[in-house]
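Please look over the protein chain and its ligand shown here, and keep the residue numbers at hand while reading the report.

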Amino acid sequence: MTDIQHDRLLIIDFGSQVTQLIARRLRELNVFCEIHPYNAVDDAFLTAFAPKAVIFSGGPDSVTRPGSPRPPASVFDLGVPILGICYGQQVMMEMLGGKVEGGKITGGGGTAEFGRAFVAPNGTLPLLQGWFEEDKEQVWMSHGDHVSRIAPGFEVFGTSPNAPYAITADTARNFYAVQFHPEVHHTPNGARLYENFVRLAGFKGDWTMRAYRAEAVANIRAQVGDKQVICGLSGGVDSSVAAALIHEAIGDQLTCVFVDHGLLRKDEGREVVAMFRDHMNLKVIHADEVELFLGQLEGQSDPETKRKIIGGLFIDVFQKYANEIEGAEFLAQGTLYPDVIESVSFSGGPSVTIKSHHNVGGLPEKMGLRLVEPLRELFKDEVRALGRELGLPASFIGRHPFPGPGLAIRCPGEITREKLEILREADAVYIDQIRKHGLYDDIWQAFCAILPVRTVGVMGDGRTYDFACALRAVTSVDGMTADYYPFSHEFLGETATRIINEVPGINRVTYDITSKPPGTIEWE
Ligand code: XMP
């Protein structure tokens with residue numbers, strides 16, 4: 001839990017795949033909310049959290065199953081508005097004296113329902129302001145069980161052919177229950193429902209990046225006092241925004257360490273250090289450890305071995321520089337909210353999702369450092385908004401993600417300095433092409449990989465025997481799934497020609513059209 005001084009909304013998670021979307025919709029309304037798994041929410045938690053409203057998420061279980069998830073009964077005595085969604089609706093009905101059943105009920109209606117459905121109105125309700133301007137609303141259903149009897153005090157305000165209790169409410173207590181998922185895009189007017197709910201609950205919508213910045217600065221000062229903080233700066237958006245924010249809070253008490261492992265893109269090290277040191281006046285140690293990293297990687301071609309070598313060296317190097325900073329007691333990390341949300345696990349207690357790729361994982365314990373994580377409450381797009389608020393250049397904030405092991409995982413097989421140099425040049429031409437064609441912001445991530453194969457070509461009158469490279473560009477929301485970007489043939493042809501003409505060492509260009517799954521975004 002944070003010590004943010006805003007009205008807060010509590011989302012009790014019952015394990016739905018789309019719980020995070022509820023939080024997104026609320027954040028878009030400038031409402032501060034946190035997601036907590038049902039089994040972490042007890043009476044003491046509710047008292048400490050003091051929510052101004054509560055939402056019960058959907059979930060995969062059946063409330064008819066003995067032992068299935070429930071919130072503490074005291075949640076209904078808080079005197080705050082509650083919205084139950086899908087499984088959350090059924091939990092609410094069951095606990096307040098209604099009935100939930102599986103399968104089809106006799107006499108029509110009330111059965112399992114998956115996908116698009118249409119809800120028709122049944123009376124008016126402030127929660128539904130702006131709904132039903134047509135005679136029905138499209139919604140997204142995904143439920144096996146159904147409510148067969150609503151709880152005392154509830155009335156029906158919307159029905160669908162298969163859900164006679166699609167929208168119900170106990171207006172005296174401000175309890176609302178919907179069978180569908182208003183948070184997904186397939187419920188086109190769903191955001192309006194959240195907007196009405198938070199308005200009814202009295203939220204002021206004061207969760208803005210400006211307010212967050214001021215509070216975060218105050219929190220960092222209170223946490224750190226007069227101690228020193230070190231921060232591993234990767235040049236990525238998260239660590240950059242974290243560093244800029246902490247610098248605003250404590251100035252020269254922050255020292256950043258930028259490790260150049262020789263696996264960066266063209267000009268990257270110089271640009272990152274110039275921006276932070278020269279333009280933003282941060283204390284930045286530019287750790288040139290190219291020889292160390294490339295030396296240890298020599299002769300290695302197994303992807304996991306490469307990753308392990310890089311990860312291990314990274315920690316050693318970071319520790320070496322950090323030890324030089326007298327009085328360092330804190331380590332800053334750009335951990336984001338999706339990394340810390342506890343997910344509901346039905347195989348035994350809640351599990352915590354931890355950023356698996358983190359480059360300095362394990363360091364805080366090893367070095368006896370405490371963590372400063374000023375982005376822990378934010379989603380990625382909020383981090384970008386905060387970066388803009390802090391004055392970081394737009395070109396920097398919108399950069400595509402870049403992996404910690406850098407070009408090592410874009411150089412399948414053995415890594416050589418020659419291959420890295422060729423790769424850097426080819427990648428730079430490719431990205432230049434993407435920018436020139438105005439496509440950079442439409443693409444989630446784009447890069448070039450150098451393949452461990454030489455192919456025969458002909459240039460002028462001569463034979464060439466050079467490397468082939470693969471271009472990769474994907475669209476994605478979170479990197480978990482991805483699709484290849486549908487470049488035009490003209491773009492691909494022009495880019496291939498430029499790379500072959502401008503990059504000595506490459507004589508063949510291919511375009512990778514694998515989606516994820518079954519592929520991964522990176523080549524290794
Ligand atoms: P994959 O290749 O797993 O990549 O589909 C998904 C996203 O994660 C990035 N990635 C990494 N980031 N350290 C990182 O910091 C890593 O070891 C690593 N491996 C993959 C990748 O660039 C993509 O954005």
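The model is predicted, so to speak of local features a pLDDT of at least 70 is needed, side-chain atom pairs count only at pLDDT 80 or more, and totals for chains, interfaces and linings use all residues. Residues are numbered from 1 along each chain as its sequence is written, and side-chain values use heavy atoms, with hydrogens and water left out.

**Domains**

The domain assignment divides the protein chain into domain 1 (8-201), domain 2 (209-397) and domain 3 (414-511), where the bounds come from an automatic or database domain assignment. Taken over C-alpha atoms, the centres of domain 1 and domain 3 are 48 Å apart.

**The ligand**

Around the ligand there are 14 residues, of which R307, Q445, K516, I521 and E522 come nearest; a residue counts as near if one of its heavy atoms lies within 4 Å of the molecule. This shell divides into 6 nonpolar, 5 polar and 3 charged residues, where Ala, Val, Leu, Ile, Met, Phe, Trp, Tyr, Cys and Pro count as nonpolar, Asp, Glu, Lys and Arg as charged, and the others, Gly among them, as polar.

| Residue | Atom of the residue | Distance to a ligand oxygen atom |
|---|---|---|
| G404 | backbone N or O | 2.9 Å |
| Q445 | polar side-chain atom | 2.8 Å |
| I521 | polar backbone atom | 2.7 Å |

Taken alone the ligand exposes 490 Å², and the protein buries 83% of that; the areas come from the Shrake-Rupley method with a 1.4 Å probe.

**The cavity**

How many cavities of 30 Å³ or more does a search of the whole structure find? The search finds 1, a cavity being a set of points, on a 1 Å grid over the protein atoms alone, where a 1.4 Å probe fits but cannot get out. The volume of the largest cavity is about 50 Å³, meaning the space filled by probe spheres set on the points, which are joined across faces, edges and corners. Its lining consists of 11 residues (those with an atom within 4 Å of a point), and H146, V147, A163, Y165 and Q179 lie nearest the centre. Strand 8 (145-149) and strand 10 (163-170) are the elements that give two or more residues to this lining, with strand 10 giving the most, 4 residues; strands are DSSP runs (E, at least two residues), numbered from the N terminus. The lining holds 5 nonpolar, 6 polar and no charged residues.

**Backbone details**

The peptide bond from K516 to P517 is cis, with omega near -15°, and another cis peptide bond, with omega about 10°, joins P517 and P518. P517 lies in the segment after strand 22 (506-511), and P518 is found in the segment after strand 22 as well.

Key. On a 1 Å grid over the protein atoms alone, a cavity is a set of points where a 1.4 Å probe fits but cannot get out, and a pocket is an open set with protein on both sides within 12 Å along at least five of seven lines; lining residues have an atom within 4 Å of a point. A polar contact is a pair of N or O atoms within 3.5 Å; within protein, one must be able to donate a hydrogen and the other to accept it, and residues adjacent in sequence count only if both atoms are side-chain atoms.
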